[in-house]
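Biologist: Please take a close look at one part of this model, the annotated active site, and describe its setting in a connected account.

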Amino acid sequence: MRVLGVDPGLTRCGVGVVEGVAGRPLTMVGVGVVRTPPDAELGHRLVAIEQGIERWLDEHRPEFVAVERVFSQHNVRTVMGTAQASAVAMLCASRRGIPVALHTPSEVKAAVTGSGRADKAQVGAMVTRLLRLDAPPKPADAADALALAICHIWRAPAHNRLQQAVAAHRTLKGRTA
C-alpha cells in the first residue's frame with residue numbers, strides 16, 4: 001500500500017509518501033513541504049498548494065491519501081487556513097479517484113508513538129525509527145505528513161474490516177425486511 005500523507009497548512013503543507021503493509025517494515029518513498037509566501041493573496045496560495053500536491057500525486061502515484069483532520073483550535077485564522085489547505089488536498093485526490101482518509105492529530109500520535117499526547121519531537125523520533133532514517137525529517141510538518149501515512153497504513157486493515165462488516169450487516173438486514 002502506498003500512502004501520501006498531508007499535514008495541511010497555508011505556509012508549509014507537509015507531504016510524505018510511505019509504502020508498506022501493517023506488521024511489516026515500512027519504507028519512506030519521499031518527503032517534503034509545499035511552501036507558499038505568507039504575504040501572497042489567499043487564492044494564489046491555494047493554487048500553489050494544489051500545484052504542489054498534484055506534482056506529488058503525479059510523481060508518487062499513491063493508492064490512498066491521508067489528511068490531518070482539522071479540529072477546533074483557539075486561533076480561528078489558523079484553523080481556517082489549515083481547513084482550506086486540507087480541502088485542496090482532498091479535492092486533488094478525489095478528482096483522481098484516490099480514496100481520502102482523515103485522521104485526527106491525537107489518533108496519529110497514538111498510532112505512531114503510543115500516546116495521543118506526544119509532542120512533535122516524539123513524533124519525529126518515532127517516524128525516524130519506524131522508517132529507519134538517519135535523522136528526523138525537517139521541518140516538523142514533513143515528519144507529521146509521514147506520521148499520517150504510517151497511521152493510515154496501520155489502521156486501514158481494521159477500518160476496511162469494519163466497513164465490510166457494516167456492509168454485510170446492511171445486506172443481511174435488507175434481505176430480512
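**The annotated active site**

Modeller: Asp7 lies in strand β1 (residues 2-7), where strands are DSSP runs of E with at least two residues and helices are runs of H or I with at least four, numbered from the N terminus. The model is predicted, so local features need pLDDT of at least 70 and side-chain atom pairs count only at pLDDT 80 or more, while totals for chains, interfaces and linings use all residues. Residues are numbered from 1 along each chain as its sequence is written, and side-chain values use heavy atoms, with hydrogens and water left out.

The unreviewed UniProt entry places the feature "active site" at Asp7, Glu68 and Asp141. These residues span 135 residues in sequence, yet no two of their C-alpha atoms are more than 11.0 Å apart, so they gather at one spot. UniProt positions are given in the numbering used here, feature names are shortened, and annotations may be inferred rather than shown by experiment.

Asp7 is buried, with a relative accessible area of 5% (buried means under 20%, exposed over 50%, partly exposed in between, with a 1.4 Å probe and protein chains only). Beyond its neighbours within four places in sequence, Asp7 is in contact (heavy atoms within 4.5 Å) with residues including Arg12, Glu68, Asp141 and Asp144.

Asp141 belongs to helix α5 (residues 140-176) and is also buried, at 13% relative accessibility. With neighbours within four places set aside, Asp141 is in contact with Asp7, Arg12 and Gly14. Its side chain makes a polar contact with the side chain of Arg12 at 2.7 Å; a polar contact is a pair of N or O atoms within 3.5 Å, and within protein one must be able to donate a hydrogen and the other to accept it, with residues adjacent in sequence counting only if both atoms are side-chain atoms.
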